[in-house]
Amino acid sequence: MTKLLKCDDVFCHDGFRLQFTMISKHAAPRMEKGTISICFVNNALLGVRAKGLDADALLRQADISPALLALPQARVSASSYSALWLLIAKALDDEFFGQDSRRMKVGSFNMLCQNVVHCKQLKQALERMLVFFDLTLDDLSARLSCDNGQASITLHERAQDGRPHVFAHETMLIMLHGLMCWLIGRRIPINSIAFAYPEPVYSDEYKIMYSTSLRFSEPNTLVTFDASYLDLPVVQDERTVRDFLRGAPENIVLKYKNSNSMAAKIRKRLRALPLDQWPDFEPLAKEMSLSASTLRRRLDDEGQSYQSIKDQLRRDLAIDYLSHSAINVADIAEILGFAEPSAFHRAFKKWTGARPAEYRRRSA
């Protein structure tokens with residue numbers, strides 16, 4: 001029996017725990033929660049490089065090969081990306097990753113969580129969160145406003161070099177939205193989101209993380225959502241905050257991504273099935289109580305297709321097998337349902353910009 005992961009590695013830091021599991025070569029393929037674009041990895045390392053620290057060493061500790069940075073379409077596992085967050089925060093003693101002229105010292109996010117669980121409603125908790133960031137950071141702040149049943153969070157940046165710091169905005173949004181959703185125990189759908197910077201090459205990731213309604217090169221980064229969520233009670237307490245912190249930041253990065261879209265519902269359905277039981281499009285539409293034309297139109301509105309969703313799931317599985325197993329490429333192709341290894345080679349090159357063997361070498 002061939003082990004897919006070399007050990008049951010456990011990474012711990014300030015109460016956060018990440019576990020890497022073992023599976024056998026002959027086990028059914030596991031459906032990963034998702035992968036993270038290498039672009040986010042590069043962004044997270046900006047503060048590390050600015051301080052002259054060894055970025056490659058941090059990557060290796062997080063089980064990310066530095067060679068993957070040269071592949072713009074590469075992706076890493078959510079657990080590895082979360083481990084990298086913790087390692088960077090520890091190396092910089094900054095949970096805002098060097099994206100502000102003032103450090104957000106390690107332990108700050110823990111203190112914030114411990115504070116807001118005592119609020120009765122989300123609005124009070126959110127207001128405390130915004131005050132916290134206003135006191136902790138010098139260059140970036142956020143303001144809440146409500147109008148005609150719509151709530152807005154606006155980010156204001158005092159960019160020292162005159163350019164918005166993209167990862168600072170991304171980090172603030174991930175922390176705010178993830179913590180808000182956790183406090184009320186449900187995802188808060190984002191109606192629209194504008195960004196105070198040009199559209200990045202990985203903007204499709206935002207559609208999954210936030211909303212399909214995106215605008216770029218706006219005066220400010222602005223998030224809108226239904227104001228009724230502000231009146232919902234905080235359902236967390238001192239006991240549940242400990243579990244939340246043990247799972248952070250992975251549970252912030254992935255748990256509260258956009259799960260209400262049609263594409264997300266289809267992903268969830270397919271992850272629950274073996275690959276050889278994935279339904280054709282028309283049976284899937286019937287299963288979801290929709291006509292095939294309606295389902296196709298709904299996916300078109302989200303910039304997705306059934307084929308692209310299946311490809312994304314196969315891509316993530318392929319990356320996991322190539323990065324963490326000794327299974328040969330032909331067997332991986334068979335597991336993923338490709339009739340010929342050559343078809344898998346072509347598809348993988350399209351997904352990641354590299355052939356499977358090259359990706360495996362760079363991941364080593």
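## Basis

The model is predicted: local features need pLDDT of at least 70, side-chain atom pairs count only at pLDDT 80 or more, and totals for chains, interfaces and linings use all residues. Residues are numbered from 1 along each chain as its sequence is written, and side-chain values use heavy atoms, with hydrogens and water left out.

## Overall fold

The protein has 17 helices and nine strands. These are DSSP runs, numbered from the N terminus: helices are H or I with at least four residues, strands are E with at least two.

Of the 364 residues, 52% are buried. Buried means under 20% relative accessible area, exposed over 50%, and partly exposed in between (1.4 Å probe, protein chains only). The protein exposes about 16900 Å², and carbon and sulfur atoms supply 49% of that area. Areas come from the Shrake-Rupley method with a 1.4 Å probe; for residues, only the protein chains shown count as cover.

Take the contacts with a separation of 6 or more: residues 24 or more positions apart account for 65% of them. A contact is a pair of heavy atoms within 4.5 Å.

## Aromatic pairs

The structure holds 18 aromatic pairs. Rings of Phe, Tyr and Trp (its six-membered ring) pair if their centres lie within 6.5 Å; planes under 30 degrees apart are stacked, over 60 edge-to-face, and the rest tilted.

Phe97 and Phe167 form a tilted pair, at 5.9 Å centre to centre and 50° between the planes. Phe97 sits in the loop between helix H4 (78–92) and helix H5 (108–116), and Phe167 in helix H7 (residues 166–184), so the pair ties together parts 70 residues apart in sequence. Phe97 is buried at 2% relative accessibility. Phe167 is buried too, with a relative accessible area of 2%.

The rings of Phe338 and Phe344 also make a tilted pair, with centres 5.4 Å apart and planes at 55°. Phe338 counts as buried at 19%, and Phe344 is buried at 0%. Elsewhere, ring pairs link Phe40, Phe195, Tyr197, Tyr202, Tyr206, Tyr210 and Phe216 into a cluster.

## A buried arginine

Arg314 lies in helix H14 (residues 306–324). Arg314 is buried but has no salt bridge. A salt bridge needs a side-chain nitrogen of Lys or Arg within 4 Å of a carboxyl oxygen of Asp or Glu. The nearest side chain of opposite charge, Asp311, is 4.3 Å away. Here Lys and Arg count as positive, Asp and Glu as negative; His and the chain ends are not counted.

Leaving aside neighbours within four places in sequence, Arg314 touches Leu275, Trp278, Gln307, Leu336, Phe338 and Trp351.
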